[in-house]
Amino acid sequence: MPNRREMLEKTIESLYSQVDVINLCLNDYEADPFADDPKINTILADNSLGDAGKFLFQEQVDGYYLTCDDDIVYPPTYVKDITQKVDEYGVVTFNGRIFKSFPIKSFYKDKAKKYRYGRNERKTLKVQFGGTGVMAFDTRFFSIPISEFKRKNMADIWVGCFARKNGYPIWHLAHKEGYLTSQKTEGSIYEAEQDKDAYQTAVINEVF
């Protein structure tokens, strides 16, 4: 979003030297502020896809695809680290959630084992839902059609359900605290959706 431009630039700076191309879905921008940079490819969007916009570029990539968020600063070895794990595991992430049983009553409020990118996490293990802001995969072996994202700001859920239905495990990667840095922001998806997640919960229960 335009009001997060400064944060976005910090995110880009942290990844710029590590990647071949940076693909940006710019929601509600009137013009492309990165038009003169040949390494940055942009789509000017109307925010109708919400956080699913980060998956719009899959068909343009034949290989490693990293989905990132503009409120995170990534470490200097991030791309090397995570692509090595893609080779080893498949679909990988540094955020994850596991529910003990289904059906659940609330995606956001039911008890679950939660693995956070901002904490020290010692285990690499399979999760039901992975955070798409710190996710990577190889498009030659995994991709999710944009049509799977049937409602905005549910990317983690749609990816988890698609992976479940099609037999793709999602792996949460062990990491140390401070490996990834969060930028302070207001108006997160969690804040907006935590008290009205009946739809999200129903989608999950239908699949799981």
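A: The charged end of K39 sits over the ring of Y16, at 4.5 Å from the ring centre; such a placement requires NZ of Lys or CZ of Arg within 6 Å of the ring centre and within 35 degrees of the ring normal. K39 is also one of the residues that V19 touches, the other being V79, when residues up to four places away in sequence are not counted. Contact here means heavy atoms within 4.5 Å. V19 lies in the loop between helix 1 (5–15) and strand 1 (22–27). Helices (H or I, at least four residues) and strands (E, at least two) are DSSP runs, numbered from the N terminus. V19 and V79 are 60 residues apart in sequence, with 7.3 Å between their C-alpha atoms.

The model is predicted: local features need pLDDT of at least 70, side-chain atom pairs count only at pLDDT 80 or more, and totals for chains, interfaces and linings use all residues. Residues are numbered from 1 along each chain as its sequence is written, and side-chain values use heavy atoms, with hydrogens and water left out.

Across the whole structure, a search finds 20 aromatic pairs. Rings of Phe, Tyr and Trp (its six-membered ring) pair if their centres lie within 6.5 Å; planes under 30 degrees apart count as stacked, over 60 as edge-to-face and the rest as tilted. F142 and F162 form an edge-to-face pair, 5.9 Å centre to centre with 70° between the planes. This pair links distant parts of the chain: F142 is in the loop between strand 10 (134–138) and helix 3 (155–166), while F162 is in helix 3, 20 residues apart. F142 is buried, with a relative accessible area of 4%, and F162 is buried at 9%. Buried means under 20% relative accessible area, exposed over 50%, and partly exposed in between (1.4 Å probe, protein chains only).

W158 and Y199 also form an edge-to-face pair, with 6.4 Å between the centres and 65° between the planes. Here too distant parts of the chain are linked, W158 being in helix 3 and Y199 in helix 5 (residues 198–207), 41 residues apart. W158 is buried at 6% relative accessibility, whereas Y199 is partly exposed at 33%.

Finally, F142 and F162 belong to a cluster linked by ring pairs, together with F55, Y65, F137, F149 and Y168.
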